[in-house]
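Open the model in your viewer and keep the selection panel at hand. The stops below say what to select next and what is there.

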There are 2 protein chains.
Amino acid sequence: MALMVRSWHNRFMQSAKAPPINPEDVRAAAASIAGVAHRTPVVRSRTLDQLVGAEIFLKCENLQRAGAFKFRGAYNAASRLAPERLARGLATYSSGNHGQAIALAARELGTTAVVVMPKDAPESKADAVAGYGAEVLTYDRYSEDRAAIGESLARDRGLTLIPPYEHPHVIAGQGTAALELMEDAPDLDALFVPVGGGGLIAGCATIATDLQPKIHVVGVEPEAGDDTKKSLALGRRVSVPVPRTIADGQAAETPGELTFSINQRLVEGIELVSDEQILDAMRFAFERLKLVVEPSGATALAALLAGKLDHKVRRAGVVLSGGNVDSRRFSGLVTRSR
Amino acid sequence: MALMVRSWHNRFMQSAKAPPINPEDVRAAAASIAGVAHRTPVVRSRTLDQLVGAEIFLKCENLQRAGAFKFRGAYNAASRLAPERLARGLATYSSGNHGQAIALAARELGTTAVVVMPKDAPESKADAVAGYGAEVLTYDRYSEDRAAIGESLARDRGLTLIPPYEHPHVIAGQGTAALELMEDAPDLDALFVPVGGGGLIAGCATIATDLQPKIHVVGVEPEAGDDTKKSLALGRRVSVPVPRTIADGQAAETPGELTFSINQRLVEGIELVSDEQILDAMRFAFERLKLVVEPSGATALAALLAGKLDHKVRRAGVVLSGGNVDSRRFSGLVTRSR
């Protein structure tokens, strides 16, 4: 009997529907962002390896331009627009990091952007969007539908809406983080990736399972925002109540349709972490790695530090997906009573 | 008339005394620490360049092993001991980072270490020394003489004392930070370096003025610890009262004899920064660079952000000399009222 190689190709062969993106789309995205997005460093820590009992490779997307992996997908999507469409401007909705990324991509490409943001997003994120020259519109994320607001805005003003994850070029762009990581750290047995709407892990899983068919791609969600875990268990997209978690970048209520169709085939499973475990990971990154990681950006590391790595894994990649937390919010979080 | 090239050689030619170290000693140190100390990254920031009006190259010694440049000098000095002396053990006195560095160097070289530390050093620094397996002895830095304690300890127990800066191999080791920086970022017009006892800047200035005779090497001290600035102005070593500053790594009362003899010839001048300016630099590093820098490690960056860069400088190197501040202390510092 032939050994079952669970490559990207084999996993999607079982499906009647065409995959939303191919590994080649991730490679094309890598070419389109080259020289504009940073090739972020991969950091090692002897202390971490000892604590976890494996070799860990940390992909530092907190050091990406605009402070998170989001710039990869935003720039990839925006740069593929026809010049006339690009010139009319971009629009998006975002809890923050994708908004900053679209604002920066617009500036880099010489156009304008409007970003619809929740009223309660961290102030530093709204300031950063405005700082890149974009217009900010706020909404109440407990009562209003951001997608509807974004769509009508784009229609009314003739803008191109680039959503945070439900877009093939966005997903392909995010996958370049894993492509670079696996070029720098080959032969990974596992890859841990934070999951919000699922765009980052969908892009990463697409390229990772192509490069390394036996890799285990594991998602990490905050306990309060376990929509992807529940959806994978039931085999269909379900909704959870608006998550109340410090991981503001992972406050999705339901997985994306495109992203879920990918993650259902390529993602091994989802680990959950508590806000306390996220804070422990942020403290670890601060004190041992000297790196600033925001709550959502620390969840994959938190899963490892909480002992959720399978003992058979020898080499694991981890995406530190963002670093946008201001020093005052960080201080409030890490000093609150335990 | 021949152009006066103010190379390392020419600057020391004017002196009757032999220099404590030569540029070749720094190159030899680089060979001795290779593969043991990290070659730390050089970080750029578009935001910083715009704020300062020059190209700035940040040498990230906060990412060095044991969290500061100190490991370079400690390991260089310890690794040159004869095997019998090394086996008897090391001793030192230090406000923290040099102690951690000696503790780690001892562990790496398979020997023991005793570290004499001030009672009021940040707790995380004492914990880290103990964590590397060294013995910690505390003293009161407002009433006791740490050098005397260290010397009698070394004599009584047959240990080799490696002081934090008054030692040619320590000074040469610290200079490797500038050697690496200038290999990665050639043609610097200026180099900004934090000054405590003066070992880091003495080593850096030795190699920098050899590689680039016209470079301006500028030291940065906290306002309360301006012993080197005063000493340079008077042309002799003077003492200041025990400095009360958040920059605990720069609480020297007087420059070292060896280090001052070098700095007097090679250092252009000293800039002073207030505790508030140091905190601004720590916040900038946190929020814009996503890097943790301790107060002493942020002083050179603070000088630039406070507008102390000469407008003629086009390319400047800056040493971020350490990152050993725990998250609780950081939080207390950055949230205190302004």
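**First stop: a serine in chain B**

Select B:S321: this residue counts as buried because its relative accessibility is 6%, where buried means under 20% relative accessible area, exposed over 50% and partly exposed in between (1.4 Å probe, protein chains only). The model is predicted, so local features need pLDDT of at least 70 and side-chain atom pairs count only at pLDDT 80 or more, while totals for chains, interfaces and linings use all residues. Residues are numbered from 1 along each chain as its sequence is written, chains are lettered from A and ligands numbered from 1 in the order in which they are written, and side-chain values use heavy atoms, with hydrogens and water left out.

B:S321 sits in the loop between β10 (315–320) and α15 of chain B. Helices (H or I, at least four residues) and strands (E, at least two) are DSSP runs, numbered from the N terminus. Now show what surrounds the serine. Setting aside neighbours within four places in sequence, B:S321 is in contact (heavy atoms within 4.5 Å) with B:E61, B:N62, B:A68, B:F69, B:P194, B:L200, B:S296 and B:G297.

**Second stop: a glycine in α4**

Move to B:G73, in helix α4 (residues 70–79) of chain B. B:G73 has a relative accessible area of 0% and is therefore buried. Leaving out residues up to four places away in sequence, B:G73 touches B:H169, B:V170, B:G173 and B:Q174.

Switch to a cartoon view of chain B. Six strands form an open sheet with mixed pairing, in the order β1-β2-β10-β7-β8-β9. The edges are β1 and β9 (269–273) of chain B; each has a single partner strand, so one side of each is left without a neighbour in the sheet. Two strands pair if DSSP finds at least two bridges between them. Strands of a sheet pair through backbone hydrogen bonds, either parallel or antiparallel.

Which strand here is largely enclosed by the rest of the structure? Strand β2 (residues 55–60) of chain B is, because five of its six residues are buried. Select its partners in turn:

- Strand β1 (residues 42–43) of chain B pairs with β2(B) in the antiparallel sense over two bridges, and B:V42 stands opposite B:K59.
- β10(B) runs parallel to β2(B), joined by six bridges, and B:K59 stands opposite B:V319.

β1(A) and β2(A) run antiparallel and are joined by two bridges, with A:V42 opposite A:K59. Strand β2 (residues 55–60) of chain A is mostly covered, with five of its six residues buried. Six bridges join β2(A) to strand β10 (residues 315–320) of chain A, and these two run parallel; select A:F57 to find its bridge partner A:G317 in β10(A).

Strand β8 (residues 216–222) of chain A runs parallel to β9(A), with five bridges between them. A:G219 stands opposite A:I270 in β9(A).

**Last stop: between the chains**

Show both chains. How many residues of chain B are in contact with chain A? There are 23, and they meet 23 residues of chain A. The two chains bury about 2000 Å² between them, 56% of it on carbon and sulfur atoms; buried area is the accessible area (1.4 Å probe) that two parts lose on being put together, summed over both. On the chain B side, select B:F286, B:K290 and B:S327, which lose the most area to chain A, together 33% of what that side buries.

Next, colour α13 (275–289) and α15 (327–335) of chain B, the elements that give two or more residues to the side touching chain A. α15(B) gives the most, with six residues.
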